Amino acid sequence: MLDASIFVFIMDLNIRNLMPKTLDGQITMEKTPSYFVTNEAPKRIHSMARDTKLIVVVRNPITRAISDYTQTLSKKPEIPSFEVLAFKNRTLGLIDASWSAIRIGIYALHLENWLQYFPLSQILFVSGERLISDPAGEMAKVQDFLGLKRIVTDKHFYFNETKGFPCLKKPEDSGAPRCLGKSKGRTHPKIDPDVIHRLKKFYKPFNMMFYQMIGQNFQWEQEETQ
Ligand SMILES: Nc1ncnc2c1ncn2[C@@H]1O[C@H](COP(=O)(O)OS(=O)(=O)O)[C@@H](OP(=O)(O)O)[C@H]1O
């Protein structure tokens, strides 16, 4: 994940100059997880290319927070537990919304910033859950959104039992199947169910606001979270 300050620096250099040249009919894609939560990003991207199509992968914010924590933990094993970091005051049940792992999942808040510059029709929200359970279905939506022929289909994926995730088959060439790397799909630590319960209450109004803003309901409230 690109650090937000490095990202802003690259934007200042004018990212267009860093992109590969494209021919007519080709699309340039650029991916940085921190764009969505960087305040300056929508304004700068809009001033550079207002017709940019934006794709945002979202998953249950609680799972997202645990995933984020698991990633940090793998680099800094000495950090406090998730349960400790999640609260400002655990006795009062006060969630620490300034902790980035929690704050990033307040999708409605970040989206508000983007909607000042981009219409909803230019933004596709991809379900992180369906990207795992039905990667071809989710990729069909991505291809449609980008105005591409549906080249990537279920022929291209298989479920890898060892990885526990879908991987790429590469049916058209002789290349070996390819799964995402070790840093994707890590085992999450078990989190105290009371903390999960508190986080569900915390995120519910923000999730509702988000569903209303985008006219799409991800039903994260119905999920078993771990
Ligand atoms: N096919 C496949 N293989 C492996 N992992 C998959 C796949 N599809 C989605 N995921 C989920 O992607 C999560 C990692 O994505 P990141 O958020 O770290 O990506 S990034 O920061 O945008 O680069 C990662 O989160 P963790 O499970 O917490 O590691 C996965 O749940």
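This is a predicted model: local features need pLDDT of at least 70, side-chain atom pairs count only at pLDDT 80 or more; totals for chains, interfaces and linings use all residues.
Local features here need pLDDT of at least 70 and side-chain atom pairs count only at pLDDT 80 or more, while totals for chains, interfaces and linings use all residues. Residues are numbered from 1 along each chain as its sequence is written, and side-chain values use heavy atoms, with hydrogens and water left out.

Let's start with the cysteines. The structure holds 1 disulfide, a term that stands here for a pair of cysteine sulfur atoms within 2.5 Å. Its partners are Cys167 and Cys179, with sulfur atoms 2.0 Å apart. The link joins distant parts of the chain: Cys167 belongs to strand 6 (residues 165-168), and Cys179, 12 residues apart from it, sits in the loop between strand 6 and helix 10 (193-214). Helices (H or I, at least four residues) and strands (E, at least two) are DSSP runs, numbered from the N terminus. If you look along the S-S bond, the angle about it is 100° and the link of Cys167 and Cys179 is right-handed.

Buried means under 20% relative accessible area, exposed over 50%, and partly exposed in between (1.4 Å probe, protein chains only).

Now turn to Asn160, which touches both cysteines of this link as well as Phe165, not counting residues up to four places away in sequence. Contact of this kind means heavy atoms within 4.5 Å. Asn160 is part of strand 5 (residues 157-160), and it is buried because its relative accessibility is 14%. Its side chain makes a polar contact with the side chain of Tyr158 at 3.1 Å, and it also reaches the backbone nitrogen of Thr162 at 2.9 Å. A polar contact is a pair of N or O atoms within 3.5 Å; within protein, one must be able to donate a hydrogen and the other to accept it, and residues adjacent in sequence count only if both atoms are side-chain atoms.

Next comes the ligand. It is surrounded by 14 residues, the closest being Ser67, Pro166, Lys184, Gly185 and His188; a residue is near when one of its heavy atoms lies within 4 Å. Helix 4 (61-75) and strand 6 each supply at least two residues of this shell. By type, the shell divides into 5 nonpolar, 5 polar and 4 charged residues. Ala, Val, Leu, Ile, Met, Phe, Trp, Tyr, Cys and Pro count as nonpolar, Asp, Glu, Lys and Arg as charged, and the others, Gly among them, as polar.

Which side chains come up to oxygen atoms of the ligand? A polar side-chain atom of Ser67 lies 2.6 Å from one, and an N or O atom in the side chain of Lys31 is 2.8 Å from one. The backbone takes part too: a polar backbone atom of Arg186 is 3.0 Å from a ligand oxygen. Taken alone, the ligand exposes 640 Å², and the protein buries 80% of that; these areas come from the Shrake-Rupley method with a 1.4 Å probe, and for residues only the protein chains shown count as cover.

Leu85 lies in helix 5 (residues 82-85) and is partly exposed at 24%. Leu85 touches Tyr69, Pro80, Asp96 and Trp99, again leaving out residues up to four places away in sequence. Leu109 is in helix 7 (residues 107-115) and is partly exposed at 37%.
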